[in-house]
Every structure is written in structure tokens, then in C-alpha cells.
Amino acid sequence: MERGLARIWLVTAAVLSVAVALVSFRFAAVPFQVWPSVDPGIRGVIERAPLQALIHMIIAPVALLVGPFQFFASIRARRPALHRLMGRIYVAACLVAGTAALATAPYASGGPIAGLGFGTLAFLWIASTLGAWRAAMARKFDLHRLLMRFSYALTFSAVTLRLQIPLGQIFFGFHSYAALSVWLAYTCWMPNAIVVALYSMVEALRRPQMPLAR
């Protein structure tokens, strides 16, 4: 039952991630002066910090696209080489997009409070991804899995942010992304990290404990 629910959540997350990633690739048209459905607030950020903003917006969807498939046990077991290749792509995308996001945060359309939230997200995204990669290289796979969960929870903030935008507009009366982003800069990633922390704690408590050596 629990495994079935976990798989449903994973498949749902994968579908949402792929959908948001594909839509986000529209930013690749911006260098050609094509602005497909780009919010005025986000356009302002791109115009103030074009290089770092576009690097983040074009590369981050790559991490969002490949990330969820790293959690499918069937891929890890049957196609370990593919798992490692996608892992390298994911880590590279996170580090490049995260660094660009950190450089873009001071230009957030919601001002310094939003910039602080997005900057914190970028820093934690880089740190958790780099830590997960180093743990894998050291063959500390339990730590690798834990940190990769946190890394993808932060990557998944791209999805939760987009889900929260209509909720903020409908229930709280926000009429612009810039005004809403003051809250989104925190609410798009904090709940994800809390869910992963609680899930990992419950999993650790349920795991059989090794008897102490005498």
C-alpha cells in the first residue's frame, strides 16, 4: 500500500516536472527577442540581468526534466549506466542554474525580501546537490540519497511556484507576479524541504536498527 502511494506521488511529480520543464524552455526564444507569455515582472529581471537570468531560466528546466527519473528504482536497478549519466546531467544543470540563480537574486522583481528568499533557495540548491554528488563519489549512498531528495525538493520548487501563483491570485488578491513573489520566494521551497525532512525522519525510525557490537 505504502509503496503504491509512493509510486503514485513519484509519477505525479514526474508528470508535473516534465510539463513545467517543457513550458519553461520557452525562455530559449528570449535571446532572439521573442517573449512568449513572459510575465512583465520576469521580463524586467531578464532585462536588468540578462546573462545570469537566462542561463538560469534555460538550464534549470534540464534539471527539472531529468531529476524525477533518478528516483525510479527500476531505472537504477536495470539501467545503472543511464542512472549515472542522468545524475551527471542533473548535477551539472543544478550547479550551473543554481549559480546563475544566486547571481540573479539581487534583481528579483519583488525587491530585496524576495531576493533574499530566492538567494537562499539557490544557495541551498547548490549545497545539497554538491553534497549529494560528493557523497556518491565517496560511496556514502545513504547520505547521497538523503541529500538528493533535498536537492530535488528544491528543484521541484519550480513546480510548486507555478501551482501557487493562481492560488495567490484567487484567494489573496495578488494581481502581479512581482507582488506575489515576495511570498513565493519562501513558500515555493520551504514546504518541499519540510516534507522531505519529515519523510526521511519517519523512514529512519522505521528502518531496522543494527544491534550494537559487544
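**A walk through the helices**

Reply: Happy to; let's begin with Q33, which is exposed because its relative accessible area is 59% (exposed means over 50%, buried under 20%, partly exposed in between, with a 1.4 Å probe and protein chains only). This is a predicted model, where local features need pLDDT of at least 70 and side-chain atom pairs count only at pLDDT 80 or more, while totals for chains, interfaces and linings use all residues. Residues are numbered from 1 along each chain as its sequence is written, and side-chain values use heavy atoms, with hydrogens and water left out.

Me: Where does Q33 lie?

Reply: Q33 is in the loop between helix 1 (2-24) and helix 2 (40-48). Helices here are DSSP runs of H or I with at least four residues, strands are E runs of at least two, and both are numbered from the N terminus.

Me: And what phi does Q33 have?

Reply: A positive one of about 65°, although Q33 is not a glycine. R139 also is not a glycine and has a positive phi, of about 60°. R139 sits in the loop between helix 6 (112-137) and helix 7, and it counts as exposed at 63% relative accessibility.

Me: OK, on to helix 6 and helix 7. At what angle do they pack?

Reply: About 155°, with their axes 8 Å apart. Axes are lines fitted to C-alpha atoms, for helices over the stretch in contact, and angles run from 0 to 180 degrees between N-to-C directions. Helix 6 and helix 7 are therefore roughly antiparallel (that label is for angles over 145 degrees; under 35 is roughly parallel, 65 to 115 roughly perpendicular and the rest oblique).

Me: Left-handed or right-handed crossing for helix 6 and helix 7?

Reply: Left-handed. That means the near helix is turned anticlockwise from the far one by less than a right angle; clockwise would be right-handed. Among the residues that meet are L121, L124 and W125 in helix 6, and F141, L143 and H144 in helix 7. Contact here means heavy atoms within 4.5 Å.

Me: New topic: helix 10. How many residues does it have?

Reply: Helix 10 (residues 190-206) has 17 residues and spans 25 Å from its first C-alpha to its last, close to the expected 24 Å. The expected span is 1.5 Å times one less than the number of residues.

Me: Which residues of helix 10 are buried?

Reply: N192, A193, V196 and S200. Viewed down the axis of helix 10, these buried residues fall within an arc of 95°, so they line one face of the helix. The arc is taken from the directions from the helix axis to the C-beta atoms.

Me: What covers them?

Reply: The cover over the buried residues of helix 10 includes helix 7 (141-155) and helix 8 (157-171). The axes of helix 7 and helix 10 come within 9 Å and cross at roughly 155°. Helix 7 passes helix 10 in a right-handed crossing.

Me: And which exposed residues are on the face of helix 10 turned away from the buried side?

Reply: V195, M201, L205 and R206. L205 counts as exposed at 72% relative accessibility.

Me: Last one: how do helix 8 and helix 9 pack?

Reply: Helix 8 and helix 9 (residues 177-187) pack at about 130°, with their axes 10 Å apart. They are therefore oblique to each other, and helix 8 passes helix 9 in a right-handed crossing.
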